[in-house]
Amino acid sequence: MSIIFRRPEFSIFVLSAAVFLHTIFTNLDHGLWVDEIMAAKFADLNWSVTDSFKWWASFENHPYTYYLLLRSWFHLTGMGEISVKLLNPLIFILCALLSYRIWPKNRIREFLYFLSLNMTSVWALFYLVELRVYGLMLAVSMFAASCLFAIHCISENRNNTTQELSRPFNYLTGSVII
């Protein structure tokens, strides 16, 4: 019997991944909105970091972390429309991989459903192709939820040590700082 019938979560995951990748890659070249142009201006390589930060601090209410990441991304890829819009999907994929790493190994079925729901969320698909901080927040929130789930699962088992709890807790703390 095929794995599709024995383990439907894999089929759902593969279908969700196909929807995710198709949606992301078909929406990368639909132009930039005004707020996305402002985000690109914060990270503009022609400005010094100090000038960019001063302009950002005058009216932006989101933390500057994303714009520093975006600025570094511009150094690597340049400022083409498609390349700048790839940052959020790549961060999302990185957070998904980190979530898999932290997720309890005996709960992989739940992870595949969790990730499938996150990949096919309309909110996720919309904001991951925007050049705004919301895609980063979505990815980090998904990772933080994974850390909380791991902490919950580890603490349910009374035989676990404090050291086992420290890894997901440290990851959670790091994601909150971002």
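User: Happy to begin with one residue. Where is Arg 132 placed?

Analyst: Arg 132 sits in the loop between helix 9 and helix 10. Please keep in mind that this is a predicted model.

User: What makes Arg 132 count as buried?

Analyst: Buried means under 20% relative accessible area. Arg 132 has 7% relative accessibility, so Arg 132 counts as buried.

User: Which residues does Arg 132 touch, not counting residues up to four places away in sequence?

Analyst: With those set aside, Arg 132 touches Asp 35, Glu 36, Ala 39, Glu 60, His 62, Tyr 66, Tyr 67 and Asn 88. The term contact here means heavy atoms within 4.5 Å.

User: Why is Leu 131 called buried?

Analyst: Leu 131 is also a residue of the loop between helix 9 and helix 10. The cut-off is under 20%, and Leu 131 has a relative accessible area of 0%, so Leu 131 is buried. Not counting residues up to four places away in sequence, Leu 131 touches Glu 36, Ala 39, Ala 40, Tyr 66, Leu 70 and Val 84. As for Ala 39, it is 92 residues from Leu 131 along the chain, and their C-alpha atoms are separated by 6.7 Å.

User: Let's look at the whole protein. How many helices and strands does the protein have?

Analyst: There are 11 helices and zero strands. Of the 178 residues, 39% count as buried. Among contacts with a separation of 6 or more, 67% come from residues 24 or more positions apart.

User: Which residues have the most contacts inside the largest nonpolar core?

Analyst: Those are Tyr 66, Leu 70 and Phe 92, in a core of 45 residues. Two or more residues each are given to this core by helix 2 (8-26), helix 3 (34-42), helix 5 (65-77), helix 7 (87-102), helix 8 (108-119), helix 9 (122-128) and helix 10 (134-156). Helix 10 supplies the largest share, 10 residues. In soluble globular proteins, nonpolar side chains tend to be buried together. As for Leu 70, its contacts beyond neighbours within four places in sequence are Ala 39, Ala 43, Val 84, Leu 87 and Leu 131.

User: Nice. What makes helix 7 roughly parallel to helix 10?

Analyst: The two helices pack at an angle of about 5°, with their axes 8 Å apart. Angles under 35 degrees count as roughly parallel, so helix 7 is roughly parallel to helix 10. The contact includes Phe 92 and Cys 95 of helix 7 and Leu 136 and Phe 143 of helix 10. By class, the residues of this contact divide into 14 nonpolar, four polar and no charged.

User: How do you know whether helix 8 is roughly parallel or roughly antiparallel to helix 10?

Analyst: Helix 8 and helix 10 pack at an angle of about 160°, and their axes are 12 Å apart. Angles over 145 degrees count as roughly antiparallel, so helix 8 is roughly antiparallel to helix 10. Their crossing is right-handed. Phe 114, Leu 115 and Asn 118 in helix 8 meet Met 142, Ala 145 and Ser 146 in helix 10. This contact has four nonpolar, two polar and no charged residues.

User: One more pair: why are helix 2 and helix 8 called roughly parallel?

Analyst: Their axes cross at roughly 25° and come within 9 Å. The limit is under 35 degrees, and therefore helix 2 and helix 8 are roughly parallel to each other. The crossing of helix 2 and helix 8 is left-handed. Residues that meet here include Phe 13 and Phe 20 in helix 2 and Leu 112 and Met 119 in helix 8. The contact divides into 10 nonpolar, two polar and two charged residues.

Technical notes
Residues are numbered from 1 along each chain as its sequence is written. This is a predicted model: local features need pLDDT of at least 70, side-chain atom pairs count only at pLDDT 80 or more; totals for chains, interfaces and linings use all residues. Side-chain values use heavy atoms; hydrogens and water are left out. A nonpolar core is a set of buried Ala, Val, Leu, Ile, Met, Phe, Trp, Tyr and Cys residues joined through side-chain atoms within 4.5 Å. Buried means under 20% relative accessible area, exposed over 50%, partly exposed in between (1.4 Å probe, protein chains only). Helices (H or I, at least four residues) and strands (E, at least two) are DSSP runs, numbered from the N terminus. Axes are lines fitted to C-alpha atoms, for helices over the stretch in contact, and angles run from 0 to 180 degrees between N-to-C directions. Angles under 35 degrees count as roughly parallel, over 145 as roughly antiparallel, 65 to 115 as roughly perpendicular and the rest as oblique. A crossing is left-handed if the near helix is turned anticlockwise from the far one by less than a right angle, and right-handed if clockwise. Ala, Val, Leu, Ile, Met, Phe, Trp, Tyr, Cys and Pro count as nonpolar, Asp, Glu, Lys and Arg as charged, and the others, Gly among them, as polar.
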